[in-house]
Amino acid sequence: ISMRLRWFGFPWIIETFGSQLDLNALGSGATGGGDLLEFVSQPSFQGLGAPTYDQGVAHAFSEEFVAAYRMHPLLPDFITVNGETKKFEEMYFDKDYNRFTQLGLQEYIKSFGTSKAGSLTATNYPQFLTNLLLPDGRRINMAVVDLFRDRERGVPRYREYRRAMNKHPEFNSFSQLSEDTEFNEAVQDLYNDDVTKVDTMIGLLGEGFRPKNYGFSDTTFRLFSIVASRRLWTDRHFRENYNA
C-alpha cells in the first residue's frame with residue numbers, strides 16, 4: 001500500500017478503499033493535530049500526472065545517491081553463456097563481439113538474466129575490475145576509482161553520511177559496522193582506528209546487521225526510499241508530462 005500510495009497518490013486510496021473508509025472520520029481532526037484529509041491532499045501525496053512538486057529545488061540526483069549506487073560487486077568474475085563459462089574479463093568491451101554476433105542478443109539476455117549476481121558486500125569486489133584493461137591500453141583499479149570519485153566530489157564519509165539521514169545509533173565504533181569481527185578489525189586497521197575516516201562505499205557495502213533477505217544495507221535502503229519518493233515528486237516525466 002505504501003508503494004502504491006507513492007506512485008498513485010491518495011486518490012488511489014480513495015478509489016480502492018473508499019467504500020471501506022469513513023471519510024468524515026478522516027477529516028475530523030481526531031488524529032490529534034489536524035485534518036488528515038487536508039494533510040494527505042498535499043502535493044507530496046498526489047500521484048502520477050499531478051503538477052511537479054519540487055519545493056524550489058529542481059529535479060536532480062545528488063552525489064550521495066550516486067555513491068550508494070556504486071554496486072560493482074554485483075558483477076561476477078565468471079559468467080556462463082550458452083553453456084560455456086568464461087571469465088568476465090574475456091567478455092567486456094568488444095572482446096566477445098564475434099560470439100555475440102553468432103549467438104545473438106536473445107541468448108545473451110537469457111544468460112545474463114538467469115545468472116546470479118554477486119553479493120553486495122565490501123569483500124566481494126570483482127577481481128577483474130581491480131586490474132581493468134581499457135581499450136587504450138591503460139589499466140585501472142575501479143575500486144580505487146570509486147573511492148576517489150566520492151572523495152573528489154565531496155561525498156561525506158560514512159559516519160557523516162549516516163548522520164545526515166538521522167540514522168541511529170551513531171557510528172562511533174568499528175564493532176558497529178558488521179557482525180564480522182575480522183572484517184571490522186581489518187577496516188579499523190586500514191583507517192588507523194578513526195571511525196570518521198571510513199569511506200562511504202566501504203561503510204555501505206560492509207554494513208552488516210541487515211534485515212532478513214535484504215540485498216543491500218539498511219542505510220542504502222533508507223537513501224533509496226528518500227530519493228525514489230523525491231523523484232516521483234520532482235521529475236516532470238512522472239508528473240505533468242506523464243503520459244504512459
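This is a predicted model: local features need pLDDT of at least 70, side-chain atom pairs count only at pLDDT 80 or more; totals for chains, interfaces and linings use all residues.
Visitor: Why is E179 called exposed?

Guide: Exposed means over 50% relative accessible area. E179 has 52% relative accessibility, so E179 counts as exposed. You can find E179 in the loop between α9 (158-164) and α10 (181-190).

Visitor: What makes E179, D180, E182 and E185 a patch of negative charge?

Guide: Asp and Glu count as negative, and like charges are joined into a patch within 9 Å. E179, D180, E182 and E185 gather in such a patch on the surface.

Visitor: Why is the aromatic pair of F61 and F65 called stacked?

Guide: Good one to check by numbers! Ring centres must lie within 6.5 Å to pair, and planes under 30 degrees apart count as stacked. For F61 and F65 the values are 5.0 Å centre to centre and 25 degrees between the planes, so this pair is stacked. The structure holds 16 aromatic pairs.

Visitor: Are F61 and F65 buried or exposed, or in between?

Guide: Buried means under 20%, and partly exposed lies between that and the 50% limit. F65 has 13% relative accessibility, so F65 counts as buried. F61 has a relative accessible area of 42%, so F61 is partly exposed.

Technical notes: Residues are numbered from 1 along each chain as its sequence is written. Side-chain values use heavy atoms; hydrogens and water are left out. Patches are made of residues with over 30% relative accessible area and no salt bridge: like charges are joined within 9 Å, nonpolar side chains (Val, Leu, Ile, Met, Phe, Trp, Tyr) within 5 Å. Accessible areas come from the Shrake-Rupley method with a 1.4 Å probe; for residues, only the protein chains shown count as cover. A salt bridge is a side-chain nitrogen of Lys or Arg within 4 Å of a carboxyl oxygen of Asp or Glu. The place of a charge is taken as NZ of Lys, CZ of Arg, CG of Asp or CD of Glu. Helices (H or I, at least four residues) and strands (E, at least two) are DSSP runs, numbered from the N terminus. Buried means under 20% relative accessible area, exposed over 50%, partly exposed in between (1.4 Å probe, protein chains only). Rings of Phe, Tyr and Trp (its six-membered ring) pair if their centres lie within 6.5 Å; planes under 30 degrees apart count as stacked, over 60 as edge-to-face and the rest as tilted.
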